[in-house]
Amino acid sequence: MSPQQSIEMHFNQIMRISRELGDLTGSLQALETEVSELSRRNKTCWSGECARILAGKEVKIAGRLGAEAQALLRTAGEMENRAKRMYQSEMMNIHLAAARDYR
């Protein structure tokens, strides 16, 4: 495998992983919405101190899911940006190495 093929293969792997993280972000956001909806439904069925405590915990869980989804989205974006910069840098290095004259 040539160095260029190896670089392209690794670049494609990182981009695929970045897309998968983006998909996971969507799943976490959907789960956050589902937890919030279930919490709202539970409020109509339960009353008392335990119901209030449960509702507070459900809100915290939904908030954590949302925060984690945002963190994953930022990570995926950063991975993509760094992969693109590294790819461009490595490709430039290959072209410079090919044009180098050691006479």
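I took helices (H or I, at least four residues) and strands (E, at least two) as DSSP runs, numbered from the N terminus.

**Basis.** I worked on a predicted model, in which local features need pLDDT of at least 70 and side-chain atom pairs count only at pLDDT 80 or more, while totals for chains, interfaces and linings use all residues. I counted residues from 1 along each chain as its sequence is written, and side-chain values use heavy atoms, with hydrogens and water left out.

**Entry 1: helix lengths.** I took the expected span of a helix as 1.5 Å times one less than its number of residues. For helix 1, the 43 residues should span 63 Å, and the end C-alpha atoms are 63 Å apart, which agrees. Helix 2 has 51 residues and reaches 75 Å from its first C-alpha to its last, close to the expected 75 Å.

**Entry 2: how the helices pass.** I looked up the axes, which are lines fitted to C-alpha atoms, for helices over the stretch in contact, with angles running from 0 to 180 degrees between N-to-C directions. The axes of helix 1 (residues 3-45) and helix 2 (residues 49-99) come within 8 Å and cross at roughly 165 degrees. Helix 1 is therefore roughly antiparallel to helix 2 (angles over 145 degrees count as such). I noted the crossing of helix 1 past helix 2 as left-handed (the near helix is turned anticlockwise from the far one by less than a right angle).

**Entry 3: the contact by class.** The contact of helix 1 with helix 2 has 25 nonpolar, 11 polar and eight charged residues. I counted Ala, Val, Leu, Ile, Met, Phe, Trp, Tyr, Cys and Pro as nonpolar, Asp, Glu, Lys and Arg as charged, and the others, Gly among them, as polar.

**Entry 4: buried residues.** I called a residue buried under 20% relative accessible area (1.4 Å probe, protein chains only). In helix 1 the buried residues are I7, F11, M15, S18, L21, T25, L28, V35 and S39, and they pack against helix 2. Those of helix 2 include A51, A55, E58, A62, L65 and G66, and helix 1 is part of what covers the buried residues of helix 2.

**Entry 5: two residues of helix 1.** I took contact as heavy atoms within 4.5 Å and left aside neighbours within four places in sequence. T25, in helix 1, counts as buried at 2% relative accessibility and is in contact with A69, L72 and L73. S39, also placed in helix 1, is buried with a relative accessible area of 6%. I found S39 in contact with A55 and E58, which are both listed as buried in helix 2.

Technical notes. Angles under 35 degrees count as roughly parallel, over 145 as roughly antiparallel, 65 to 115 as roughly perpendicular and the rest as oblique. Buried means under 20% relative accessible area, exposed over 50%, partly exposed in between (1.4 Å probe, protein chains only).
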